[in-house]
Structure formats: C-alpha cells, structure tokens
Amino acid sequence: MNELPQQLANGLMLGSMYGLIAIGYTMVYGIVQLINFAHGEIFMIGGFGALTVFLALPDGVSLWFAVPLMLIGGAVASVLVAVLAERFAYRPLRTAPRLAPLITAIGLSLVLQQLVFLFYPDAKAARSFPQLGGGPYHLGDVTLQSADLFLLAAAPLCTLALGAFVRSRTGRAMQATAQDPGTARLMGIDTDRVISVAFAVGAAFAAVAAVAHGLRYGQVDYQMGFVTGLKGFTAAVLGGIGNIYGAMLGGLVLGVAEALASAYVQDLPGMGQFGGGSWANVWAFVLLIVVLLARPQGLLGARIADRA
C-alpha cells in the first residue's frame, strides 16, 4: 500500500484540529493584541465538559445521538470559562503594559489545569473518552475511522460558519474594533461585548476540537491542552496571527508537515534517529522557526481586511 496518501490524510485530520484551536488565538490577538496562552486549557475544559455530559446520559444511549449533546456541553463549558477569564483576568489589564496580561495568561493556564486536576474525579490519569462505532472505511489507499469522518464534517462546517459570522453585523463590528477600537466606540460599537464574543467564538471552536481529539485518541487528560495548545498557537503564527482564514491554513500546513516528517525524516541519510512520532513535536516547531525566518508575517499575514 502506498503510504503517502494515508500520511497526507492523517496530516489533514491533525491539521484541521490545530486549525480549530488556532482560530481562538488569532481572533483574540487580532482584537486586543493578546496571546491567550490559557487557550490550550480552554480546549482541555471543552473535552472534560463533553465527557461530563456523556457520563450524565443514561446507559445505552447511542453515541451518534450523544455526540451533539457532548458538543453543546463542551462548548458551554469552554465558552463560560473563556468569557469569565476575559471579564475578570484580562479586561482589568487592557491598558496595562503588554507583559502583565501575558503573565496573567500563563498563570491562568496553570490555574485551570490544577482546578481540573483537583476537582475532576481521577483527573490525574487520562480519562477514557467514548469512541464512535463503525469503520474502518477505505478510500483507495486511505483508511479512515469514524472519528476522522466526524472531523472531516466538523472542520469545514465550522469554517463556513466562521465565514458567515465574519460577514454578520457582529463580525463587522469585530473587524472595526480590531482596526481602531477608539473609533469603533465613537461609532456606537460596544467594544467590551465584541471582545467577549471573540473569546466565546474561539472557545466554541476549541471545544469542537477537543471533542474531535477525544473521539480520535479515546482519552482526555488535564494536561492535554499544553502541547496541543502550543501547536494551535504555532498554526496561528504560521497562517498569520490575526488572520482568521490563515489560522485554518496554518493548521493544515502544520498537520501535514508533522505527519510527513514523522513518517519520512527517519528514511533520510543520517536522520534515522530523528523520525517517528516521538519527534513530531520537534519538527512542528522547526517548521515554525523556518516560516518566521522566511516570512515573519505568516502565510496570509499581509491580508488585513479579513482580520477579526
């Protein structure tokens, strides 16, 4: 079997998940110039919120029926935490020196991790996440699982929904706030509400990514947001931080590059010890460094009109 199509498919699945997380980073940065390093934990909380909904359902409920409810539960949990974080952790520091909200974001990330660790039953160990039945499905040389089909449907639908949102009245208000908050306020835009909406939308997409992560890997844990969140941030920077479409593009590029590097770097002369899944994170950040050196603004960083 030709391995390349399968690796490309794996990369697209992985990249779609990174792109959904990256949207949250890029929306917040585009408006308030804040790197929300707690966004990885918002992603993690979405996974635990979805798992909590599943555990509350009666035994024997079809997982295909449960998944929409899990998405709603995960989104509610992520959005609630994100909006509260914006209101009480970030908003008071909006006029503070840039370093203050950055340190706050890192501190909030650690606090959210520890809250889940302390208060969720057995959080110190990875919790089993329900898996969709059916499959595997074969398309030529590509094999897909049911979780892959879920992600294949969720990522394009979320991207289309995001495009519609950007064209809505709130989306235009968000773009105006990103370009000039002072003028936006003079035009009657409630910039505080718009910023809260940006946090909420990014958190909802992160929750979808968390459910996809749980379905794909069969588990969630309180530390899952750290590395995955950093990769989402990497995807946002690759695409052009502040560009909402660049975030998804950056995620796809990162996912494909990571999958191909994991599979093929070890076959290069003298590189045998640098391949495999254990080196996937390394190559992801190597790609970030290369792109920043060659194109610091990211792949779509020059586009200003679509920033959110």
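**Exercise 1. Where is Thr170 found, and is Thr170 buried or exposed, or in between?**

Start with the element: Thr170 sits in helix H6. Helices here are DSSP runs of H or I with at least four residues, numbered from the N terminus. We're working with a predicted model, in which local features need pLDDT of at least 70 and side-chain atom pairs count only at pLDDT 80 or more, while totals for chains, interfaces and linings use all residues. Residues are numbered from 1 along each chain as its sequence is written, and side-chain values use heavy atoms, with hydrogens and water left out.

Next, check the accessibility. Thr170 has a relative accessible area of 21%, so Thr170 is partly exposed. The cut-offs are under 20% for buried, over 50% for exposed and in between for partly exposed, with a 1.4 Å probe and protein chains only.

Leaving out neighbours within four places in sequence, Thr170 is in contact with Phe165, Arg193 and Val197 (contact means heavy atoms within 4.5 Å).

**Exercise 2. Which residues of H6 are buried, and what do the buried residues pack against?**

First, list the buried ones. In H6, residues 169–179, they are Gly171, Ala173, Met174, Gln175 and Thr177.

Now turn to the partners. Those buried residues pack against helices H1 (3–32), H5 (146–167), H7 (181–186) and H8 (191–217).

**Exercise 3. At what angle do H6 and H8 pack?**

For H6 and H8 the angle is about 105°, and the axes are 10 Å apart. That makes H6 roughly perpendicular to H8.

Axes here are lines fitted to C-alpha atoms, for helices over the stretch in contact, and angles run from 0 to 180 degrees between N-to-C directions. Under 35 degrees counts as roughly parallel, over 145 as roughly antiparallel, 65 to 115 as roughly perpendicular, and the rest as oblique.

Finish with the residues. Thr170, Ala173, Met174 and Thr177 from H6 meet Thr191, Arg193, Val194, Val197 and Ala198 from H8. By class, this contact has 5 nonpolar, 3 polar and 1 charged. Nonpolar covers Ala, Val, Leu, Ile, Met, Phe, Trp, Tyr, Cys and Pro; charged covers Asp, Glu, Lys and Arg; the others, Gly among them, are polar.

**Exercise 4. Where is Ser146 found, and which residues does Ser146 touch?**

Ser146 is in helix H5. At 2% relative accessibility, Ser146 counts as buried. Skipping residues up to four places away in sequence, Ser146 touches Trp64, Leu132, Gly133, Gly134, Gly135 and Tyr137.

**Exercise 5. What is the phi of Gln33, and where is Gln33 found?**

Take the backbone first: Gln33 has a positive phi of about 55°, although it isn't a glycine. As for location, Gln33 is in the loop between H1 and helix H2 (39–56). Its relative accessible area is 34%, so Gln33 is partly exposed.

Note on methods
Helix = DSSP H or I, 4+ residues; strand = E, 2+ residues; numbered from the N terminus.
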